[in-house]
Amino acid sequence: METASEKESLVVLAADLSTTGELVRLIDLVGPHIAALKTHVDMVEDFSGDSWQEVVKAAQSHDLMLFEDRKFADIGKVSQTQMGGVYDIRSWADIVTAHRVSGPDIVDGIAAGWDEVQRIGGVFLLAQMSSRGNLLTGGYTDETIATGAASPHVLGYIGNGSSPDDISSLREKVGEGKMIWTPGVNLSAEEGALGQRYGHPSDAIKAGSDAVIVGSGIHGTADPAAAARAYAEATWSALSGR
Ligand code: 5BU
């Protein structure tokens with residue numbers, strides 16, 4: 001939130017690109033207008049420990065936390081192990097996502113992964129999703145919120161950015177003690193590919209989202225810096241209004 005306030009931006013970039021070179025270029029272009037960097041490290045074709053350090057350095061040079069959208073879902077012990085492995089997420093990610101589906105212990109498993117390298121990070125639990133037909137509703141969402149409320153490792157929840165009603169109902173249940181970050185946001189598109197749904201960033205923030213997660217609305221445009229600035233302005237003025 002300090003970074004967000006300095007840059008006047010509630011935009012988390014979903015940097016869904018397949019090479020580290022493209023990632024570094026994008027980060028340098030849009031870095032001044034975004035508050036955090038979300039990655040999918042397992043979609044990077046030229047991944048190596050060294051090449052990934054370039055991405056980490058680029059993010060740090062723009063004061064961006066690294067948010068690996070790993071969507072952990074296995075039992076606690078296996079999730080702990082998966083924080084290491086080839087990608088060694090525990091060593092560079094400040095934030096990760098996790099599903100609640102396997103039980104509440106997944107959160108402690110992830111925290112134990114960071115512990116192994118003497119780091120501390122935050123978990124975002126998926127309380128809702130933006131894609132159509134997802135199963136994260138009703139009692140499942142409530143259990144997810146209860147798990148998060150009971151854990152100091154849980155920084156917040158992922159909410160459905162395509163629906164202001166979903167966001168405000170989530171905010172009502174979560175209260176003010178945890179964050180809500182919302183993907184499924186675009187300034188112009190109404191529907192994304194393969195079941196993705198979109199809402200307007202201003203509506204998401206007004207409904208109670210703390211940050212919007214934007215991918216193709218930024219990296220898929222001819223001028224990513226201008227797009228990132230437009231999303232930053234939309235979110236910051238919506239927050240001022242709220
Ligand atoms: P888009 O290009 O803005 O549609 O990308 C959205 C990003 O947010 C992408 O990296 C997804 O993995 C991520 N996402 C999502 O779209 N919907 C969800 O419910 C969750 C994550 Br959780």
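A residue is near a molecule if one of its heavy atoms lies within 4 Å of that molecule. The structure is a predicted model, in which local features need pLDDT of at least 70 and side-chain atom pairs count only at pLDDT 80 or more, while totals for chains, interfaces and linings use all residues. Residues are numbered from 1 along each chain as its sequence is written, and side-chain values use heavy atoms, with hydrogens and water left out.

**View 1. The shell of residues around the ligand.** Of the 17 residues around the ligand, those that come nearest are Asp-16, His-40, Ser-130, Tyr-198 and Ser-216. The shell consists of eight nonpolar, five polar and four charged residues.

View 2. A polar contact is a pair of N or O atoms within 3.5 Å. An oxygen atom of the ligand lies 2.6 Å from an N or O atom in the side chain of Tyr-198. For the side chain of Asp-16, the corresponding distance from a ligand oxygen atom is 2.7 Å, and for that of Gln-196 it is 2.8 Å. The protein covers 87% of the 500 Å² of accessible area that the ligand has on its own, as computed by the Shrake-Rupley method with a 1.4 Å probe.

View 3. Arg-119 is found in the loop between α6 (106-116) and β5 (122-126). Arg-119 has a relative accessible area of 23% and is therefore partly exposed, a term for values between buried (under 20%) and exposed (over 50%), with a 1.4 Å probe and protein chains only. The C-alpha atom of Arg-119 is separated by 37 Å from that of Ala-193, 74 residues apart along the chain.

How values were computed
Polar contact = N/O pair within 3.5 Å; in protein donor to acceptor, adjacent residues only side chain to side chain. Nonpolar A, V, L, I, M, F, W, Y, C, P; charged D, E, K, R; others polar. Helix = DSSP H or I, 4+ residues; strand = E, 2+ residues; numbered from the N terminus.
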